[in-house]
Amino acid sequence: MAPAFGYWLLVYAAIAIIALIVLIARYRLNPFIVITLVSIGLALLAGMPPSSVVGAYEAGVGKTLGHIALVVALGTMLGKMMAESGGAERMAQTLIERFGERNAHWAMVCIAFLVGLPLFFEVGFVLLVPIAFTIARRVGVSILMVGLPMVAGLSVVHALVPPHPAAMLAVQAFQASVGQTLLYAILIGIPTAIIAGPLYAKFIVPRIQLPADNPLERQFLEREPRANLPGFGLTLGTILLPVVLMLIGGWANLISTPGSGFNQFLLFIGNSVIALLLATILSFWTLGLAQGFNRESILKFTNECLAPTASITLLVGAGGGLNRILVDAGVTQQIVGLAQEFQLSPLVMGWLFAALMRVATGSATVAMTTASGIVAPVAIGLGYPHPELLVLATGAGSVIFSHVNDGGFWLIKEYFNMTVTQTFKTWTVLETLISLVAFGLTLGLARVL
């Protein structure tokens with residue numbers, strides 16, 4: 001059995017999460033300050049040396065922001081260029097024409113499913129959110145009506161579908177077939193995205209009242225309407241460039257000899273920051289100079305769009321700091337130790353370990369890689385015949401119950417201008433639906449196979 005102090009660590013972590021939610025949602029305190037205070041308090045309660053607490057928190061913030069700040073900044077610039085040039089308007093028009101105004105939410109879940117394949121969630125989100133705002137304005141619905149299907153599509157792909165980087169890590173750990181995993185992931189992912197996205201959005205959106213004014217929406221939509229919009233192909237090509245580059249980076253070792261100069265080049269351009277940087281620079285021409293804007297206008301667009309992202313970036317960083325404290329304090333180790341006491345089938349173990357790690361750390365990727373690392377040797381030792389289903393079960397567990405230690409939680413809250421309570425009712429429930437539906441379908445598929 002785990003030692004008593006181990007159980008107390010879990011109690012302290014639970015109290016910390018509850019305190020965060022109450023202080024932010026009930027007492028309306030600044031989320032960044034609250035997360036920082038609660039993280040430090042949890043570290044001291046858990047017995048971390050006071051001299052190392054701030055360093056651990058700073059390391060967590062720095063590690064998270066090192067990637068996310070660059071992704072949010074570049075994605076926002078690319079989004080601003082799409083908005084100012086009318087590219088987002090052109091995408092919205094074309095999608096509405098193809099799907100019809102009443103089916104705009106289906107259009108968003110489809111495009112998110114495709115665009116999200118090689119992208120981490122945050123990258124796909126900042127790429128697509130200008131289109132979501134534009135479609136919502138054009139159709140005259142709440143941003144949540146198209147935004148929730150969009151994030152459902154992105155999240156399902158993140159959790160289940162190779163060649164997404166997180167899913168590929170689990171495929172390697174479980175020694176699964178990429179082709180079979182992809183087939184099963186699509187079979188399970190499409191109904192999961194439909195239930196958690198368009199269907200759940202139709203249920204919850206009428207129950208959520210958003211403020212009339214959204215500063216982030218305003219920066220994408222409030223501009224002079226343009227007579228000549230860029231072509232659909234040009235806009236789609238610009239937005240898909242980082243998708244294609246990351247896809248190439250993900251398959252670099254299959255395309256070229258590992259370690260060769262060409263291989264290093266493919267890995268370099270396939271890095272999410274480099275891919276977004278190249279797409280943003282391309283947009284300065286395709287959606288800027290080619291549309292009649294001068295260099296001064298492009299500079300103005302790219303400077304002014306960054307101000308509204310400051311609070312988002314800080315909150316995502318603070319979530320990373322809390323994540324690091326939970327790991328360094330030993331909370332995640334206690335969860336793993338506790339779960340190993342119960343002898344479960346590999347499928348249930350994969351889902352449960354990933355779910356516990358997700359709740360503790362806030363990161364779907366960390367949850368997936370940690371859980372697959374723990375369960376893979378057990379499953380291989382038992383000779384479990386369907387490693388592809390283990391990938392899906394682990395992926396399903398890795399997205400459950402996103403809350404205040406997840407950067408995605410704050411990204412959704414700030415962009416869609418919701419309260420913490422509203423974010424729990426929409427985003428957190430949506431993520432939990434994805435987890436439960438995907439795991440249920442995986443169990444069903446296991447019985448058939």
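A: **The salt bridges and their setting**

Of the protein's 449 residues, 57% count as buried. Here buried means under 20% relative accessible area, exposed means over 50%, and partly exposed lies in between, with a 1.4 Å probe and only protein chains considered. The model is predicted, so local features need pLDDT of at least 70 and side-chain atom pairs count only at pLDDT 80 or more, while totals for chains, interfaces and linings use all residues. Residues are numbered from 1 along each chain as its sequence is written, and side-chain values use heavy atoms, with hydrogens and water left out.

The secondary structure consists of 22 helices and zero strands. These elements are DSSP runs numbered from the N terminus, where a helix (H or I) has at least four residues and a strand (E) at least two. For 449 residues, a compact globule would have a radius of gyration near 22 Å, and the protein agrees with this, having 22 Å. That radius is taken over C-alpha atoms, and the globule rule is 2.2 Å times the number of residues to the power 0.38. Along the principal axes, the C-alpha atoms fill a box of roughly 70 × 50 × 50 Å. Among contacts between residues at least 6 apart in sequence, 81% join residues at least 24 apart; a contact means heavy atoms within 4.5 Å.

Against this background, how many salt bridges does a search of the whole structure find? The search finds seven. A salt bridge is defined as a side-chain nitrogen of Lys or Arg within 4 Å of a carboxyl oxygen of Asp or Glu.

One of these pairs joins Glu304 to Lys80, with the closest N and O atoms 3.4 Å apart. Glu304 belongs to helix H15 (residues 295–304) and Lys80 to helix H3 (residues 50–85), so this pair ties together parts that are 224 residues apart in sequence. The two partners can also be described by their accessibility. Glu304 has a relative accessible area of 35% and is therefore partly exposed, whereas Lys80 counts as buried because its relative accessibility is 3%. Both residues also belong to a network of salt bridges that links Lys80, Glu84, Lys300 and Glu304.

A further pair is Arg358 with Glu431, whose closest N and O atoms are 2.9 Å apart. Since Arg358 is in helix H18 (residues 346–361) and Glu431 in helix H22 (residues 420–448), the pair ties together parts that are 73 residues apart in sequence. Arg358 and Glu431 are both buried.

Glu414 and Lys413 likewise meet through their side chains in a salt bridge, at 3.0 Å from N to O. Glu414 counts as buried because its relative accessibility is 19%. Lys413 is buried as well, with a relative accessible area of 13%.

Asn263 lies in helix H13 (residues 261–270) and counts as buried because its relative accessibility is 1%. The side chain of Asn263 makes a polar contact of 3.1 Å with the side chain of Ser256. A polar contact is a pair of N or O atoms within 3.5 Å; within protein, one atom must be able to donate a hydrogen and the other to accept it, and residues adjacent in sequence count only if both atoms are side-chain atoms. Leaving aside residues up to four places away in sequence, Asn263 touches Ala252, Asn253, Ser256, Thr257 and Pro258.

Tyr27 sits in the loop between helix H1 (4–26) and helix H2 (31–45) and counts as exposed because its relative accessibility is 53%. In total, the protein exposes about 18,000 Å², of which carbon and sulfur atoms supply 66%; such areas come from the Shrake-Rupley method with a 1.4 Å probe, and for residues only the protein chains shown count as cover.

Finally, the backbone of one loop residue may be noted. Gln175 is not a glycine, yet its phi is positive, near 55°. Gln175 lies in the loop between helix H8 (165–174) and helix H9 (178–204), and with a relative accessible area of 61% this residue is exposed.
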